[in-house]
Amino acid sequence: MLKLYSSQFAPPAKGLPRAQPVSVSVLAVHSTHANAAAPTGPRVAHEWRHTQSRLLCRSAAPTAGGATSHASGAVPATVPPQLVPPTDPDAYCVCNWYHLTPVENPQEAVEVHRRFIEQMGLDIRGRIYISSQGMNCQYGGTLEHCTAYVEWVKQQPGFQNLRYTTWPSPEGHAFPKLRLKYKPNLISLAGGMEVMPITDPAARATPLEPAAWREMIAQAEDKKVVVLDVRNDYEWDAGHFVGAERPAEEVFAETPVGESEQEVPQPLLGKDPETPVMMYCTGGIRCDVYSTFLRRKGFKNLYTLEGGVQNYLRQEGSDHWKGSLFVFDARMAISANKDGDEGGPLPAAVPCQVCGSPDSQLPHVNCANIDCNELFIACAACKARLQGCCCEACMAAPRLLRPAKVDGGQYGAWGNYADRDEAGPVISTGRNREGRVARRARRRAALKEKRMGQIEEKLSRKKMVREAMARLEEVEAAQRDTAASSVEAGPRMACAQ
């Protein structure tokens, strides 16, 4: 048992009462030697000490509400290595969690959390967002540092039932830096989410543990259940549950939230409010938030996947899942298959978006043309032929400074890829004083126009195919009529003779 005192590290802010000591249940392997040497690697400040034990995985401890254990021994044997919970305190990992609960003074809470991290010497990097409705976090570091922070958070008022998961990050830090900040909205959604009753569990969908989800989705087609993917469209391209339609919106922020009957996702248009709806996303927060909107629209039988897709793959394997899983860190994609992670490319759920080859590979690639930056999936041949660009036009772009990241990964600042003296004039090409937001909007408008052109071209080809098939059917029908007429004319001629 390990006791932490949050007030020991930072003075309480308004809305965050001084915490009492809390006993934290942890899985540990006790050393057989009283003077066992401390493990190598980074260590937190002296306040966080281990006494003759090595911490393994705090997320395995039972949580309130009957939460199932995530201990490594409970993980199915078919789960690939990148889904097995890490156990070495010095091993790098990614820690994912969110918790929806009222926070009285989120801006002050940000500073309390920042002081704790600094005074404990925690080397964690990633995204930690705090709002008046809770927290949303994806960050990485060593297992010891990651769990030290989340266990401290669990001692704060309203966060006692927080659930979290850890995932291996064998390449080290999965995020370049720590972004700890106040955000009015924990996720991006049109109109914001402050007016949504997301902190009220009764207003959200019914959560299903992975085993129950697997049982229900196996019968989805027979029982007319709608499987609703509330992620970005490019996440669906990497992998999705069987039966889930591709989101009509490019990004989740564009998901409908209007008052009219038509302001619902396309798979729900015209559906009876009693229709069962199974909602899923990567970690679970988008489903929880959006389910409050669908409740308000009248849908009564809403279900979400507890812990998101990552938790399902860890607990139940890849049954009813197609492709791989897109993740928002340096890994960009993880395998859902038993033998899918051997250091090579991962399979996607869609063909190559350049040539249509079925041999598409993950992770996604950002177009090497800075002014395009399109995120796309391609086969190995197209990646090599187009040198990391999404099309031949982008290969001739004036600001093609970045190297081709055909194996995925995050791009750095533009100036990192060329000498400053040489890069300056090129980087400034096409730039003006319109501002970052305006440039982003212009780039998205250009990408949308490009996609519309591709869609029109596909529709045109489909129309040509349909017309050709119609003409072929007409010819075949005429031939059948001619043959039938010949058969009928034969007996009449015989009778006449």
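A residue is termed buried when its relative accessible area is under 20%, exposed when that area is over 50%, and partly exposed in between (1.4 Å probe, protein chains only). By this criterion strand E19 is mostly covered, six of its seven residues being buried; helices (H or I, at least four residues) and strands (E, at least two) are DSSP runs, numbered from the N terminus. The structure is a predicted model, in which local features need pLDDT of at least 70 and side-chain atom pairs count only at pLDDT 80 or more, whereas totals for chains, interfaces and linings use all residues. Residues are numbered from 1 along each chain as its sequence is written, and side-chain values use heavy atoms, with hydrogens and water left out.

Strand E19 belongs to an open sheet of three strands with the order E18-E19-E20 and antiparallel pairing, where two strands are taken to pair if DSSP finds at least two bridges between them. The edges are formed by strand E18 (346-347) and strand E20 (375-379), each of which pairs on one side only. Two bridges join E18 to E19, and Leu 346 has Leu 362 in E19 as its bridge partner. Strand E19 (residues 360-366) is joined to E20 by four bridges; Val 365 stands opposite Phe 376 in E20, and Asn 366 has Leu 375 as its bridge partner in that strand. The peptide bond from Leu 362 to Pro 363 is cis, with omega near 5°, and Pro 363 is itself found in strand E19.

Positive phi values occur at two residues in loops. In the loop between E19 and E20, Asn 373 has a phi near 60° although it is not a glycine, and this residue is partly exposed, with a relative accessible area of 26%. Lys 224, also not a glycine, has a phi of about 55° and is placed in the loop between helix H3 (210-217) and strand E11 (226-229); because its relative accessibility is 65%, Lys 224 counts as exposed.

Surface patches were also identified, being made of residues with over 30% relative accessible area and no salt bridge, with like charges joined within 9 Å and nonpolar side chains (Val, Leu, Ile, Met, Phe, Trp, Tyr) within 5 Å. A salt bridge is here a side-chain nitrogen of Lys or Arg within 4 Å of a carboxyl oxygen of Asp or Glu. Met 452, Ile 455 and Leu 459 make a nonpolar surface patch of about 270 Å², and Leu 459 is found in helix H10. A patch of positive charge gathers Lys 458, Lys 462, Lys 463 and Arg 466 on the surface, with Lys 462 lying in helix H10 (residues 436-496).

Note on methods:
Accessible areas come from the Shrake-Rupley method with a 1.4 Å probe; for residues, only the protein chains shown count as cover. Lys and Arg count as positive and Asp and Glu as negative; His and the chain ends are not counted. The place of a charge is taken as NZ of Lys, CZ of Arg, CG of Asp or CD of Glu.
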